Amino acid sequence: MKKPKIVSGFSKLSKRGKMRWLVENFFSNPEEVARELKSFWYGDPQKQKIFDEFSENTVSNFYLPYGVLPNLEINGKMYCVPMVIEESSVVAAASSAAKFWLGKGGFNAKIINNTKIGQIHFEWKGDFNKLFDIFPEIKKCIIQETEHITHNMRKRGGGISDIELLDMSHLEKDYYQIKFSFNTCDSMGANFINSVLEEASKSLTSFIKSQEYFSENERKVTIIMAILSNYTPDCLVRTWVECPIEDLGVFGNGSMNAHDFAAKFVKAINIAHVDTHRATTHNKGIFNGIDAVALATGNDFRAIESCGHTYAARDGKYRSLSYAEIKDGVFRFWLDIPLSVGTVGGLTSLHPLARRSLEMLGKPSADELMMIIAATGLAQNFAAVRSLVTTGIQQGHMKMHLMNILNHLEATEKEAILVLSHFKDKLVSFTAVRDFLTVLRSKKLPA
Ligand code: MEV
């Protein structure tokens, strides 16, 4: 392997050229690595081209499992939910939670609001009251001058729903903000919002420059940046499950009754509200479900995650996103989460499997997809906390992880059958499986 050189004009190289540079500079076995990278290309070159053009400097595709969560009942409707995730126990856990709630009313969900946010951050040296007084005119001008961008969205029932001027100069010298609220219908709306904001920034600058009402000094505005905010606390969905405590049944092979389970479960949720370390892991479990559906439907999971974590810290302390209570003999478990998603635009129709995912879900609106994603997050959270307060997480987790261990140890099909049967009622660990396989192999199984 040669010492890698600094490369210039890399993005202009052909795909094969990029691959050649990569394998020759970073691997000791370039031919083999090139073959491997190529083996993950799409069979159909036209489809591969679509993938290549999603991003820059693409040399291959990175596979992740595409699984489904069947039997998820939401508001009386049955869904089979696509999930893209590498963690072995996630789909199994969500499926078992979906099945658990199936005979108990299923999951419920409702949209609380679906407002998206954009901001123009600007610097201005002047009297805020003057700006404030003339702001209705600025607003009118912005609305008019962005009409060519908002036209189609308005036809679909969306567009700009509010524009506010905020004095932020107590936080940062000469800093002011115009905060926009949008309805982006079934699209996530990032490109639409950013285009409107950049056009509105020009309107703001030229409006202020042209007004004799402002002093010479006040006629200059510096746009610092214009960009959507991924924090959308008013793009909120609530999802919940509930049933009389007795209907929860028994847990831990009959060792825990429904009342003890419900009390322990609520205590676990309360702990995730008061302890930040636990809250982070607890919410990670929720995002195991949420990210998997977001990815499978071509949505921006980074935006969803950053928004969710900010929302979890909205009162100044990072807390659980889900809640649980026992009231009048009823167990209730719910999740409030902001989810800015789309079912049109972006990757949703370009990625062949994202398109299939949306078809599998019955071509939902963005609101419906918010409910599906939230319910999957809650299902995931229920399954994780149920395991934690009953058997512990490792029993189920390691059972699922067993296949990864077997693959790692290059077990044959025959060996796998014997290992799976041996560990059916035993604690799984890498060492235990390796030791068992060593003994098995020393006995030389017949082929
Ligand atoms: C593992 O990916 C997720 C859990 O840790 C979530 C939790 O602890 O609630 C099991």
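What follows covers a cavity and a tryptophan.

Analyst: This is a predicted model, where local features need pLDDT of at least 70, side-chain atom pairs count only at pLDDT 80 or more, and totals for chains, interfaces and linings use all residues. Residues are numbered from 1 along each chain as its sequence is written, and side-chain values use heavy atoms, leaving out hydrogens and water.

User: Why is Trp334 called buried?

Analyst: Buried means under 20% relative accessible area (1.4 Å probe, protein chains only). Trp334 has 12%, so the label buried applies.

User: Which residues does Trp334 touch, and what makes a contact?

Analyst: Contact means heavy atoms within 4.5 Å. Not counting residues up to four places away in sequence, Trp334 touches Arg238, Thr239, Trp240, Leu321, Ser322, Tyr323, Ala324, Glu325 and Leu378.

User: What makes a space a cavity, and how many are there?

Analyst: On a 1 Å grid over the protein atoms alone, a cavity is a set of points where a 1.4 Å probe fits but cannot get out. The structure holds 3 cavities of 30 Å³ or more. A volume is the space filled by probe spheres set on the points; for the largest cavity, that is about 50 Å³.

User: Which residues line the largest cavity?

Analyst: Lining residues have an atom within 4 Å of a point. Among them are Asn114, Lys116, Cys185, Asp367 and Met370. The lining divides into 5 nonpolar, 3 polar and 2 charged residues. Cys and Met count as nonpolar, Asp and Lys as charged.

Terms used
On a 1 Å grid over the protein atoms alone, a cavity is a set of points where a 1.4 Å probe fits but cannot get out, and a pocket is an open set with protein on both sides within 12 Å along at least five of seven lines; lining residues have an atom within 4 Å of a point. Buried means under 20% relative accessible area, exposed over 50%, partly exposed in between (1.4 Å probe, protein chains only).
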